[in-house]
Amino acid sequence: MSEVSPVVHEPWPSFERQKMAVSFGMWVFIASEVLFFSGLLLAYTIYRHLDAEAFKIASRETEVFYGGTNTAILLTSSLTMAMAVHASDHGFRRMTIRCLAATVAFGLAFLVMKGFEYHSDLDKGLWPGPGFPLHPATTQLFWAFYWIATGVHAVHLSVGIGIVSTIAVRLKRGTLLVKASTFEGAALYWHLVDTIWIILLPMIYLVGRA
Amino acid sequence: MSDASQSTWRLWLKPSLIWLALLVLLGITVGSAYIPLGIFNGIINYSVAAAKAALVLIFFMHLDRSRALIRLTAAAGVFWVIFLFSLSFGDYLTRNWNGSATTLAPKQAQVGTREHGTYPQQRLPLVPRFGHRD
């Protein structure tokens, strides 16, 4: 860890090419993540199409306060992440570290809110299985989607928090240089996690509210 | 120093405006969800989600200044979703020959729950029946 990574790595002839490779690699990964999540979204859409009324009943039980607040938190974390990349492009080391730290803080705040939300959901007994409080039984399909989608999203966010805090610590220790292309790659992943949440918000929280 | 802090300040301007737009869109989507607009509730919710995702993809993920290769890779992800949804719904929306796909029959919906046993009482035909068969 004490070794300082150079800005340009093997086999790239130039920093420009390396940055391009980082973006391209991340976007290929993002496309595979889209593939993964859209399978879930498709299952949701088909079952919602098959029994729209049950999905309205089920969605009304979600905590829109937590969902909305968490969306605002994640959108703000995307701002600080974008600013970290801007700052690193301009060589502002301290600003990059601060923006990365803010991003991690917002990510943790999201998880804490999610914890409160899960607690409230479980208090209401909204875990699919015998004795589920809502009727018809199709409402359990919605709640199965809720637990899987938000759970998988929280895992992604936790990975993001790990990545962003690692590069922030390495930048602070001086083992990563401020102009490194690492920040762009980490930011693309962070924004992907934000985008997934943006799509999940209306599917989970805003059905049948009117 | 004043030069550096001035340029730092300028850096924040555009991303902050996009962030503000994202929060306004969030307000619109949550607020409109409580107004009874029929089918337009869903249309507004999903349009706003698409607009928010587009803002993040284009500005925060820099598709506005990416090379063609990156844009094509991003588009490939979107094309996948279009294929997945249009082909799946091409099936589900037209498969009304056994009545099971239009709405879940209450009994079918409770398959697997304790009070209704593990298997449906009556299995629906799995293949379409065209015309009369003896």
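Read along the sequence, chain A of this predicted model follows the pattern α-α-α-α-α-α, with 6 helices and 0 strands, where helices (H or I, at least four residues) and strands (E, at least two) are DSSP runs numbered from the N terminus. Residues are numbered from 1 along each chain as its sequence is written, and chains are lettered from A in the order in which they are written. Because the model is predicted, local features need pLDDT of at least 70 and side-chain atom pairs count only at pLDDT 80 or more, whereas totals for chains, interfaces and linings use all residues.

Along its principal axes, the C-alpha trace of chain A spans about 60 × 30 × 30 Å. Of the 210 residues in chain A, 41% are buried, a term for residues with 20 or more other C-beta atoms within 10 Å of their own, the C-beta atoms being placed from the backbone. Among contacts in chain A with a separation of 6 or more, 80% join residues 24 or more positions apart, a contact being two residues whose C-beta atoms, placed from the backbone, lie within 7 Å.

| Helix | Residues in the contact |
|---|---|
| H1(A), residues 15-50 | A:Leu40, A:Ala43, A:Tyr44, A:Tyr47 |
| H5(A), residues 139-173 | A:Leu141, A:Phe145, A:Ile148, A:Ala149 |

The residues of this contact divide into 8 nonpolar, no polar and no charged, where Ala, Val, Leu, Ile, Met, Phe, Trp, Tyr, Cys and Pro count as nonpolar, Asp, Glu, Lys and Arg as charged, and the others, Gly among them, as polar. H1(A) and H5(A) pack at an angle of about 165°, with their axes 10 Å apart, and they are therefore roughly antiparallel to each other (angles over 145 degrees count as such, on a scale from 0 to 180 degrees between N-to-C directions, with axes fitted to C-alpha atoms over the stretch in contact).

Definitions and conventions. A residue is buried if 20 or more other C-beta atoms lie within 10 Å of its own, exposed if 12 or fewer, and partly exposed in between; C-beta atoms are placed from the backbone. Angles under 35 degrees count as roughly parallel, over 145 as roughly antiparallel, 65 to 115 as roughly perpendicular and the rest as oblique.
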